Amino acid sequence: VQLWENGPYWATTNIGAEKPEDYGYYFWWGDTVGYKREGNKWIASDGSNSSFWFSESNTPTYNKSVATLQSEGWITLEGALASEYDAAKKHWGGDWRMPTKQEFDYLLSKCKWTLAAMNGVHGYIVRGKGDYASNSIFLPCAGYGTGTSLNNSGSIGGGSYRSSVPDSGNGLAWDLYFYSGDHITYNFSRDYGESVRPVQGFTK
């Protein structure tokens, strides 16, 4: 779904989700496996781990400078995750990729955000403006993972969606963060488990 002129096409579901309102998988920054919530556990999407926990020690991109991330091949010279560490590219293939911080900034500034519920799941309807007012996506309040816990999901919680761009802070990366009171780009810890909403094409 294209939401503004010369913008990318946004997927209608998160990675690991069958429907727009499904939470899908959660990823630390640079992770391409993804983890789903089953009961009170994090289960790897490929079955490789049945009791994962989101932590600094399980996040090899944590506490690394942008220069180190580049020298180790995690990010490109342009400053975004390399294809082999892009969760959208790994799971969906083709031209799908993770959004950049700039594209999240545009999603905030160029679209209308409305709190809503879809089939009982709370989130935001994000709608284009002008010629794109008939186009929209739904972002569920999927929360985020720390340790073995899922935090802030549901009606009074929020959503935290990964971008492909690290912050200059050694343990941080940019994401889209929202809750019932606001929606912003924010530099969250790389070891948090967060949703990924893929895009296709590039902002011009």
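Analyst: Here, a contact means heavy atoms within 4.5 Å. The model is a predicted one.

Start with N63. The residue sits in the loop between β3 (41-44) and α1 (66-71). N63 has a relative accessible area of 55%. Exposed means over 50%, so N63 is exposed. Leaving out residues up to four places away in sequence, N63 touches N170, G171 and R190. Take R190 from that list. N63 and R190 are 127 residues apart along the chain. Their C-alpha atoms are separated by 8.7 Å.

Now the aromatic rings. A pair of rings is described by two things: the distance of the centres and the angle of the planes. The structure holds 22 aromatic pairs. One of them is Y177 with F188: the ring centres are 5.0 Å apart and the planes stand at 40 degrees, so this pair is tilted. Y177 belongs to strand β11 (residues 172-179), and F188 to strand β12 (residues 182-189). The pair therefore ties together parts that are 11 residues apart in sequence. Y177 has 17% relative accessibility and counts as buried. F188, at 10%, counts as buried too.

F188 also pairs with Y186. Again the centres are 5.0 Å apart. Here the planes stand at 85 degrees, so the pair is edge-to-face. Y186 has 38% relative accessibility, so Y186 counts as partly exposed. These rings belong to a cluster: ring pairs link Y144, Y177, Y179, Y186, F188 and Y192.

R37 lies over the face of W42, 4.7 Å from the ring centre. The charged end of R97 sits over the ring of F202, at 4.3 Å from its centre.

Next, the strands. β5 (residues 112-118) pairs with β6 (residues 121-127) in the antiparallel sense, over seven bridges. A117 stands opposite H122 in β6. The hairpin of β5 and β6 has two residues between the strands. In this hairpin N119 takes a positive phi, near 50 degrees. β6 has another partner, β7 (residues 136-140). That pairing is also antiparallel, over five bridges. I125 stands opposite F138 in β7.

Step back to the whole chain. The protein chain has three helices and 13 strands. Its radius of gyration is 16 Å. The globule rule gives 17 Å for 204 residues, and the two values are close, so the chain is as compact as a globular protein of that length. The C-alpha trace spans about 45 × 40 × 30 Å along its principal axes.

The accessible surface comes to about 9,100 Å². Carbon and sulfur atoms account for 45% of that surface.

Last, the contacts across the chain. Take those between residues at least 6 apart in sequence: 56% of them join residues at least 24 apart.

Methods
Residues are numbered from 1 along each chain as its sequence is written. This is a predicted model: local features need pLDDT of at least 70, side-chain atom pairs count only at pLDDT 80 or more; totals for chains, interfaces and linings use all residues. Side-chain values use heavy atoms; hydrogens and water are left out. Rings of Phe, Tyr and Trp (its six-membered ring) pair if their centres lie within 6.5 Å; planes under 30 degrees apart count as stacked, over 60 as edge-to-face and the rest as tilted. Helices (H or I, at least four residues) and strands (E, at least two) are DSSP runs, numbered from the N terminus. Buried means under 20% relative accessible area, exposed over 50%, partly exposed in between (1.4 Å probe, protein chains only). A charge sits over a ring if NZ of Lys or CZ of Arg is within 6 Å of the ring centre and within 35 degrees of the ring normal. Two strands pair if DSSP finds at least two bridges between them. The radius of gyration is taken over C-alpha atoms; the globule rule is 2.2 Å times the number of residues to the power 0.38. Accessible areas come from the Shrake-Rupley method with a 1.4 Å probe; for residues, only the protein chains shown count as cover.
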